[in-house]
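The following note comments on the model shown below. Please read the points beside the sequence and the coordinates.

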Amino acid sequence: MNADNVIEVAGLHQRYGEFEAVRDVSFEVREGELFALLGTNGAGKTTTMETVEGFRPAHSGTVRVLGRDPHRERRAVRPHVGIMLQEGGLFPDLTVAETVDLWRDIVPGSRPRDEVLEQVDLADKAGVRTRQLSGGQKRRLDLALAVVARPRVLFLDEPTTGMDPEARRTTWRTVRGLVADGATVLLTTHYLEEAEQLADRLAIMHRGEIRVAGTVAEVLAGHGDRIDFRIPPQVAVADLPRVGGAAPRVSATSAGPVATYVLTGRSVQAALRELLDWADAGRLELAGLRVRSASLEDVFLQVAGHPAVETEEANR
Ligand SMILES: Nc1ncnc2c1ncn2[C@@H]1O[C@H](COP(=O)(O)OP(=O)(O)OP(=O)(O)O)[C@@H](O)[C@H]1O
C-alpha cells in the first residue's frame with residue numbers, strides 16, 4: 001500500500017447470491033482528499049461504500065483503510081472512522097443536544113457538544129427534539145454524530161439527499177471545513193454539482209463497474225465541445241443540418257426542443273460557421289445559441305448509455 005493512500009480498493013467484487021453487484025472496482029483515496037462515487041441507480045455505490053466501511057467482507061479483491069482490512073480488523077480501524085449512514089437512527093424524543101451528548105458518551109475522544117453543533121450549523125437547534133427537525137436538519141445531525149470525534153476518515157453516503165439548495169450549500173461548507181482540517185472523505189452522491197463542488201477526484205459507476213475516474217478536468221477531457229440552440233418553430237427536426245460532420249441530437253426542455261451538436265475532436269469554430277451560414281441562408285434566429293465544454297452531466301449520461309448520445313457515437 002502506498003503510504004499516502006488512506007483508502008485502497010483493488011479488484012473488488014461483491015455478490016448478492018448469483019448477482020454480481022460490484023465488478024473489479026479499484027480506486028485509492030489519498031490523505032486529505034475527497035473522493036466522490038457517482039453512479040446510476042443500482043450501480044453498486046452503496047455496496048462498495050459498505051465494504052470499505054467494514055460492514056461486509058469483500059467477496060474477492062482487497063480493501064484497506066489506514067492500511068488495515070476494515071472488516072477483519074474492525075476494532076483497529078473503527079476509532080479513526082466517522083460514518084454518516086443513508087438513514088440515520090435518531091431517537092425522536094431526544095433533543096439535538098441530548099442526541100449529541102449520548103453519542104459523546106459512547107465515542108472516545110469526543111469534542112465539546114457546542115463545537116460539533118456549530119460545525120454543522122445546528123447550534124440554534126440544541127433544545128429542539130429530533131422529531132421536530134426538518135429532513136435536512138436531521139441529515140446535518142447525522143453528520144454531527146459522524147464527526148463527534150474528529151475522525152481521520154469520513155464516509156458520507158448521500159449526505160445531502162432531501163436538502164433544499166441552501167441547506168445543501170451549508171453542508172458543503174461543513175464538509176469543506178472537515179477536509180481543510182485534514183479529514184479524508186469518501187462520499188457517494190446523486191448530485192453531480194455536489195461532486196463538482198467538493199471532489200478532488202471522482203469515479204462514475206454503472207452496473208457494478210467504474211466506467212470513468214479522475215479529477216473533474218480529467219473526466220471531462222476528450223468528451224468534446226457542444227453547440228446548443230432552441231430549434232426555431234418553423235424548422236422541422238429532419239431539416240436540421242449536419243455541422244462539423246455531426247448530426248444534431250434533440251432534447252425536450254421547458255423552453256421547447258433544443259438541438260445539441262457534440263463535436264468530439266472537431267473544430268467548434270468551423271462547425272459554428274457552418275451552422276450560422278445555414279441560419280443566415282434561412283433567415284433564422286437561433287435563440288439560446290451557446291458553445292460550451294462537456295459537463296459532468298454529459299459524461300454521466302454517456303456512461304449511463306443515455307439514448308440521446310447515440311447520435312454522437314453514430315457520427316464517429
Ligand atoms: N441485500 C441485497 N440483496 C440483493 N441485491 C442487492 C442487495 N443490496 C443491493 N442489491 C443490488 O445490488 C445492486 C447495487 O446496489 P447498491 O445499493 O450498491 O447500488 P447504488 O449505486 O448505491 O444504488 P442507488 O443509487 O440506487 O442507491 C443493485 O442492483 C441492487 O438491487
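1. Which residues of helix 10 are buried? They are Leu296, Asp298, Val299, Phe300, Gln302 and Val303, where a buried residue has 20 or more other C-beta atoms within 10 Å of its own, C-beta atoms being placed from the backbone. Helices (H or I, at least four residues) and strands (E, at least two) are DSSP runs numbered from the N terminus.

2. This is a predicted model, in which local features need pLDDT of at least 70, side-chain atom pairs count only at pLDDT 80 or more, and totals for chains, interfaces and linings use all residues. Residues are numbered from 1 along each chain as its sequence is written.

3. Helix 10 (residues 296-303) is largely enclosed by the rest of the structure, because 6 of its 8 residues are buried. The cover over these buried residues includes strand 3 (34-39), helix 7 (192-198), strand 8 (201-206), strand 9 (209-214) and helix 8 (216-220); contact here means C-beta atoms, placed from the backbone, within 7 Å. Gly305 follows helix 10 and has a positive phi, near 70°.

4. Around the ligand lie Tyr16, Phe19, Ala21, Gly39, Asn41, Gly42, Ala43, Gly44, Lys45, Thr46 and Thr47, each with its C-beta atom, placed from the backbone, within 6 Å of the ligand. Strand 2 (19-30) and helix 1 (45-53) are the elements giving two or more residues to this shell, and helix 1 supplies the largest share, 3 residues.

5. Helix 9 (residues 268-281) has 14 residues and should span 20 Å at 1.5 Å a residue, which agrees with its end C-alpha atoms being 20 Å apart; the expected span is 1.5 Å times one less than the number of residues. Just after helix 9, Arg283 adopts a positive phi of about 50°.

Conventions
Buried ≥ 20, exposed ≤ 12 C-beta atoms within 10 Å, placed from the backbone. Contact = placed C-beta atoms within 7 Å.
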